[in-house]
Amino acid sequence: MATVTHIDIARARRSRRVLFIGNPTRYKEVSHWAMVKQWMVVHGLEPVRKIDGPALCAIVTEDVLDGIGSPQDALTVQHAREQGIPVISVHDSTQIWQATARVRASIARAGGGAHSSPHHQGA
C-alpha cells in the first residue's frame with residue numbers, strides 16, 4: 001500500500017476533480033447519477049472516470065458499494081481509499097455537499113463558478 005502524505009491530502013482537498021466509479025443500472029440511480037454529474041459541472045468541478053491524479057472525492061453506485069460491481073471498479077475503489085479519497089454513494093447528497101464545500105466556496109470566491117469554462121485549469 002502506498003503512503004499518503006499530508007501534501008497528497010492537501011492537494012486532493014483543493015482538487016476540482018471528482019471521480020465517478022461504476023455504471024448505474026436502475027432507472028432512479030441512472031437519473032440521479034446524471035444529476036450529480038451535472039451539479040458538479042455547474043459548480044466548477046470536473047467529473048472524471050479514471051484516478052490519475054488528485055481527486056476531491058469518489059462518487060460510486062450502490063452496486064459498487066455492495067461489492068457487486070466489476071473487478072475494475074473494486075480496484076478503483078480500493079486505490080481511492082488507499083489515497084485517502086472519500087468514497088461516497090451517489091445517493092448521499094449530504095456527504096457529497098460536505099466533501100465539495102471547501103472547493104466550491106473557493107471557486108465561488110475566485111468567480112469561477114457556473115459561468116466559467118469547464119476546461120479552465122487556473123494558475
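Biologist: Which side chain of opposite charge is nearest to Arg-104, and how far away is it?

Modeller: This is a predicted model, in which local features need pLDDT of at least 70, side-chain atom pairs count only at pLDDT 80 or more, and totals for chains, interfaces and linings use all residues. Residues are numbered from 1 along each chain as its sequence is written, and side-chain values use heavy atoms, with hydrogens and water left out. Lys and Arg count as positive, Asp and Glu as negative, while His and the chain ends are not counted. A salt bridge is a side-chain nitrogen of Lys or Arg within 4 Å of a carboxyl oxygen of Asp or Glu. Buried means under 20% relative accessible area, exposed over 50%, partly exposed in between (1.4 Å probe, protein chains only). Arg-104 is buried and has no salt bridge; Asp-92, the nearest side chain of opposite charge, is 12 Å away.

Biologist: Which backbone oxygen does the side chain of Arg-104 reach?

Modeller: That of Trp-97, at 2.9 Å. Arg-104 is in helix α5 (residues 93-110); helices (H or I, at least four residues) and strands (E, at least two) are DSSP runs, numbered from the N terminus.

Biologist: Why is strand β1 largely enclosed by the rest of the structure?

Modeller: Because five of the five residues of β1 (residues 17-21) are buried. Arg-17, Leu-19 and Ile-21 lie on one side, Val-18 and Phe-20 on the other.

Biologist: Which residue in β2 is the bridge partner of Val-18?

Modeller: Two strands pair if DSSP finds at least two bridges between them. β1 and β2 (residues 46-48) pair in the parallel sense over three bridges, and Pro-47 is the partner of Val-18. With β3 (residues 57-60), β1 pairs in the parallel sense over four bridges; there Phe-20 stands opposite Ile-59.

Notes:
Polar contact = N/O pair within 3.5 Å; in protein donor to acceptor, adjacent residues only side chain to side chain.
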